[in-house]
Amino acid sequence: MPRQVSFDQYGGVEVLHLSEVEQPIPGEGQLLVRVMAAGLNPFDVKVRTGKVKEMIKVTFPSAQGNDVAGVVEAVGPGVSGFKPGDEVAASTSKRGAQADFALAPQATALLRPANVSWEVAGSVWVVGTTSQAMVRAAAIGADDLVLVSGASGGVGALASQLARHRGAAVIGVAGESNHEWLLSHGITPVTYGDDVEARIRAAAAAAGRELTALLDVAGDGYVELGIKLGVAPERIDTIVDYAAAAKHGAKTEGGSAGTTADVAELLTLINAGEVELPIHASFPLEQVQAAYTELEHGHPRGKVVLVP
Ligand SMILES: NC(=O)c1ccc[n+]([C@@H]2O[C@H](COP(=O)([O-])OP(=O)(O)OC[C@H]3O[C@@H](n4cnc5c(N)ncnc54)[C@H](OP(=O)(O)O)[C@@H]3O)[C@@H](O)[C@H]2O)c1
């Protein structure tokens with residue numbers, strides 16, 4: 001029988017296990033996808049630990065995962081433009097991507113371009129919609145010096161490169177193990193922790209410019225820091241620190257402001273080699289606990305992916 005990642009109670013990685021389930025049947029407008037890769041997101045962790053239980057009501061046993069790539073196995077009523085055998089990247093509507101089979105609305109599905117790996121296609125949806133929405137919300141352009149906090153993670157790695165693609169100069173805050181990668185993508189790396197403000201000021205001085213925008217993926221006081229460094233609130237977008245955004249009038253546009261067209265544009269850039277979504281590690285489905293341990297503690301560069 002097909003397997004899916006499940007948990008029966010809120011908790012740490014130890015509550016995750018595989019369960020056997022009936023093969024899902026695609027409903028109106030849905031694709032049944034035989035999963036080739038399913039990327040992990042910190043949001044999956046927040047759901048599993050109960051951190052967002054007021055927002056996301058789960059019933060146990062609960063499944064995991066939004067991002068998925070795979071081969072269309074069957075299509076539901078009303079589907080046009082996709083057929084069995086098509087290779088797609090998509091977003092599941094009701095989580096449950098981390099499984100042998102998943103259902104995805106056709107409105108989220110895109111054909112996998114030739115140069116895009118399964119792992120990248122299966123990781124691109126959440127971080128792709130989010131990073132595109134962020135650079136749009138902060139109106140990043142060629143005259144900007146942008147600070148990206150969390151520049152080596154799934155969202156930050158893409159947001160930094162999309163800002164570069166728009167012609168901006170970028171300072172990226174990330175752990176030191178990821179600095180070489182940032183440098184190789186034209187992003188000036190800065191280490192977080194004590195005295196991060198002084199290091200950002202020094203990086204801006206070396207660029208000979210003031211910071212003009214902030215894309216905050218890390219929380220941890222960066223909105224306040226951006227204001228202190230003279231960034232206008234409407235040029236700040238945070239996807240983590242909603243309290244600071246409300247206090248200062250900064251923006252909070254994230255994944256829900258992104259579209260399938262945003263993901264399509266990003267896949268085109270990745271396919272052309274102009275943007276990279278780094279894959280930190282892949283794990284087979286049965287090693288789901290190890291995969292989430294790596295996401296939560298391994299300082300991944302880019303994405304951790306389950307490969308059924
Ligand atoms: N609102 C939305 O729509 C939305 C959408 C997607 C994600 N999110 C949220 O956004 C956050 C990031 O998601 P993600 O997928 O990019 O996570 P991720 O892949 O785990 O990346 C986290 C990044 O933060 C960096 N980091 C850790 N502590 C930091 C600090 N004190 N200062 C600066 N950077 C720091 C990490 O650096 P090192 O690994 O190099 O140490 C890494 O680059 C999560 O909380 C997620 O839930 C929100």
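Me: Two strands pair if DSSP finds at least two bridges between them. Over how many bridges do strand β9 and strand β12 pair?

Reply: This is a predicted model, in which local features need pLDDT of at least 70, side-chain atom pairs count only at pLDDT 80 or more, and totals for chains, interfaces and linings use all residues. Residues are numbered from 1 along each chain as its sequence is written, and side-chain values use heavy atoms, with hydrogens and water left out. Strands (E, at least two residues) and helices (H or I, at least four) are DSSP runs, numbered from the N terminus. β9 covers residues 145-149 and β12 residues 213-216, and their parallel pairing runs over four bridges.

Me: Which residue in β12 stands opposite S149?

Reply: Strands of a sheet pair through backbone hydrogen bonds, either parallel or antiparallel. β9 and β12 pair in the parallel sense. The residue in β12 opposite S149 is D216.

Me: Which are the edge strands of the sheet?

Reply: Five strands form an open sheet with parallel pairing, in the order β11-β10-β9-β12-β13. An edge strand here pairs on one side only. That describes β11 (188-190) and β13 (236-238).

Me: What angle does the direction of helix α4 make with that of β10?

Reply: Axes are lines fitted to C-alpha atoms, for helices over the stretch in contact (heavy atoms within 4.5 Å). Angles run from 0 to 180 degrees between N-to-C directions. Neighbouring strands of this sheet are turned by 15 degrees against each other on average, direction ignored. Helix α4 (residues 154-165) packs on the sheet, touching β9, β10 and β12, and its direction makes with that of β10 an angle of about 165 degrees.

Me: Is D100 buried or exposed?

Reply: Buried means under 20% relative accessible area, exposed over 50%, and partly exposed in between (1.4 Å probe, protein chains only). D100 has 15%, so by those limits it is buried.

Me: Which parts of the chain does the pair R235 and D144 tie together?

Reply: Their side chains meet in a salt bridge of 2.6 Å, N to O. D144 lies in the loop between α3 and β9, and R235 in the loop between α7 and β13, so the pair ties together parts that are 91 residues apart in sequence.

Definitions and conventions. Salt bridge = Lys/Arg side-chain N within 4 Å of Asp/Glu carboxyl O.
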